[in-house]
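Please consult the sequence and the coordinates shown here.

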Amino acid sequence: MMPPKAKITKQMILNTVLEITQESGFETVNARSIANRLQCSTRPIFTCYENMEELKKDFLNFAFEYYSQYVDHYCKTAAVDAPLYLPISYIAFAREQTYLFKLIFMSDMDLNMETTNDFYNEIGNEEKAKAFSNMIGVTFEKGKQIFLDLFLYAHGIAVLTATGKISLDNRTIEGMLSNFLSAFV
């Protein structure tokens, strides 16, 4: 009698999708590539997920959580001025996790900004701006404005980094962001 096959879980699938995405980009993820990596048929994947669209939605949340943990770890280990943690870790993530960055913050970024205030409809941005305002010692309204400008500046650098159009070391990036910040404060 053969031993029972290991049960394929959503967590196993998400970890596998993460590995594939980190190695070759999300566009290489499909039921077959996941099944090959897990050494199973595609059936367990569709037992856990109704379709690939549902898996992608779940994976985007999983990937964003991975990014959040990356930022937390970065903030605890990098010697960077506190107001610059978020933008510098964002750019570092673009450099170190290029395919994930492209998926989360370029192709599937869930941000619709018709006006600049729309940035603050995104969950967590208002709280981050409040903490940022306190760090730099300005009013919340002024801090929100600077935080958004700093994000847009950092996003531009991160996109150029992820697409290989620019390659800057951490010291240069920190200097650029410090100059940007000091111009506003």
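The questions and answers below treat a helix, its cap and the cysteines.

The model is predicted, with local features requiring pLDDT of at least 70, side-chain atom pairs pLDDT 80 or more, and totals for chains, interfaces and linings using all residues. Residues are numbered from 1 along each chain as its sequence is written, and side-chain values use heavy atoms, leaving out hydrogens and water.

Me: How far apart are the end C-alpha atoms of helix α9?
Reply: Helices are DSSP runs (H or I, at least four residues), numbered from the N terminus. The expected span is 1.5 Å times one less than the number of residues. For the 15 residues of α9 (residues 170–184) this gives 21 Å, and the separation in the model agrees: 21 Å.

Me: Within what arc do the buried residues of α9 fall?
Reply: Buried means under 20% relative accessible area, exposed over 50%, and partly exposed in between (1.4 Å probe, protein chains only). Ile173, Leu177, Phe180 and Leu181 of α9 are buried. They line one face of the helix because, by the directions from the helix axis to the C-beta atoms, they fall within an arc of 95 degrees.

Me: Which residue caps the N-terminal end of α9?
Reply: The cap involves a side-chain oxygen 3.2 Å from the backbone nitrogen of arginine 171. The residue that supplies this oxygen is aspartate 169.

Me: How many disulfides does the structure hold?
Reply: A disulfide is a pair of cysteine sulfur atoms within 2.5 Å. The sulfur of cysteine 40 is 9.3 Å from the closest cysteine sulfur, in cysteine 48, which is too far for a bond. The number of disulfides in the structure is 0.

Notes. Helix = DSSP H or I, 4+ residues; strand = E, 2+ residues; numbered from the N terminus. Polar contact = N/O pair within 3.5 Å; in protein donor to acceptor, adjacent residues only side chain to side chain.
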